[in-house]
Amino acid sequence: MKVNLTRYALWYTGGSLVVLTFVLIFQQAFGVMLGSAFVPILPAMVAAMVEGSKWAKENSEPVPAPWKDALGMTGVAVGVTAFLIIATSLSTMNMGLEGLRVMVLLMVVYSAFWIITNRLFLAMGARNEWASQNRRGS
């Protein structure tokens with residue numbers, strides 16, 4: 001399968017911005033700090049499901065190389081997330097070498113979650129689309 005990494009990046013970026021906005025509004029409105037560990041995973045779920053669904057609309061066979069595609073999508077997620085972190089906190093980034101090490105470690109940990117999430121939700125998106133097609137009789 002050749003996933004459309006541009007479409008994945010757009011869905012991932014849009015999802016990230018929506019989740020970030022929701023978290024910030026919620027924190028301002030209620031004065032409660034929400035944990036943000038799940039924030040990068042939810043957009044990956046949505047974007048991978050969209051890609052799986054698009055695959056299923058165009059093909060009737062299972063995704064041929066889902067782990068390879070998930071790895072490519074994970075690379076996009078790492079790049080987009082790094083860009084968003086830098087873009088949203090450029091004025092406050094005075095973290096030094098230790099902070100940079102922590103940031104890299106977090107990206108490595110998130111990458112493990114992203115590759116699994118992308119793989120699972122890529123397949124789930126395809127299965128959901130095929131089930132929907134079967135219900136419609138197409």
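**Contacts, fold and two residues**

Author: This is a predicted model. In the protein, 84% of the contacts with a separation of 6 or more are between residues 24 or more positions apart.

Reader: How many helices and strands does the protein have?

Author: There are 4 helices and 0 strands, and from the N terminus the order of elements is α-α-α-α. The C-alpha trace spans about 55 × 35 × 20 Å along its principal axes.

Reader: And what share of the residues count as buried?

Author: Of the 138 residues, 36% count as buried. The accessible surface comes to about 8500 Å², and carbon and sulfur atoms account for 70% of that surface.

Reader: Turning to Thr74, is it buried or exposed?

Author: Thr74 has a relative accessible area of 5%, under the 20% cut-off, so Thr74 counts as buried. Thr74 lies in helix H3, residues 66-89.

Reader: Which backbone oxygen does the Thr74 side chain reach?

Author: The side chain reaches the backbone oxygen of Ala70, at 2.7 Å. Leaving aside residues up to four places away in sequence, Thr74 touches Ser111, Trp114, Ile115 and Asn118.

Reader: A change of topic: which residues make the nonpolar surface patch?

Author: Trp11, Phe38, Leu42 and Val46 make that patch, which covers about 370 Å².

Reader: Where is Phe38 placed?

Author: Phe38 sits in the loop between helix H1 (5-30) and helix H2 (41-58). Its relative accessible area is 48%, which lies between 20% and 50%, so Phe38 counts as partly exposed.

Definitions and conventions
Residues are numbered from 1 along each chain as its sequence is written. This is a predicted model: local features need pLDDT of at least 70, side-chain atom pairs count only at pLDDT 80 or more; totals for chains, interfaces and linings use all residues. Side-chain values use heavy atoms; hydrogens and water are left out. Helices (H or I, at least four residues) and strands (E, at least two) are DSSP runs, numbered from the N terminus. Buried means under 20% relative accessible area, exposed over 50%, partly exposed in between (1.4 Å probe, protein chains only). A polar contact is a pair of N or O atoms within 3.5 Å; within protein, one must be able to donate a hydrogen and the other to accept it, and residues adjacent in sequence count only if both atoms are side-chain atoms. Contact means heavy atoms within 4.5 Å. Patches are made of residues with over 30% relative accessible area and no salt bridge: like charges are joined within 9 Å, nonpolar side chains (Val, Leu, Ile, Met, Phe, Trp, Tyr) within 5 Å. Accessible areas come from the Shrake-Rupley method with a 1.4 Å probe; for residues, only the protein chains shown count as cover. A salt bridge is a side-chain nitrogen of Lys or Arg within 4 Å of a carboxyl oxygen of Asp or Glu.
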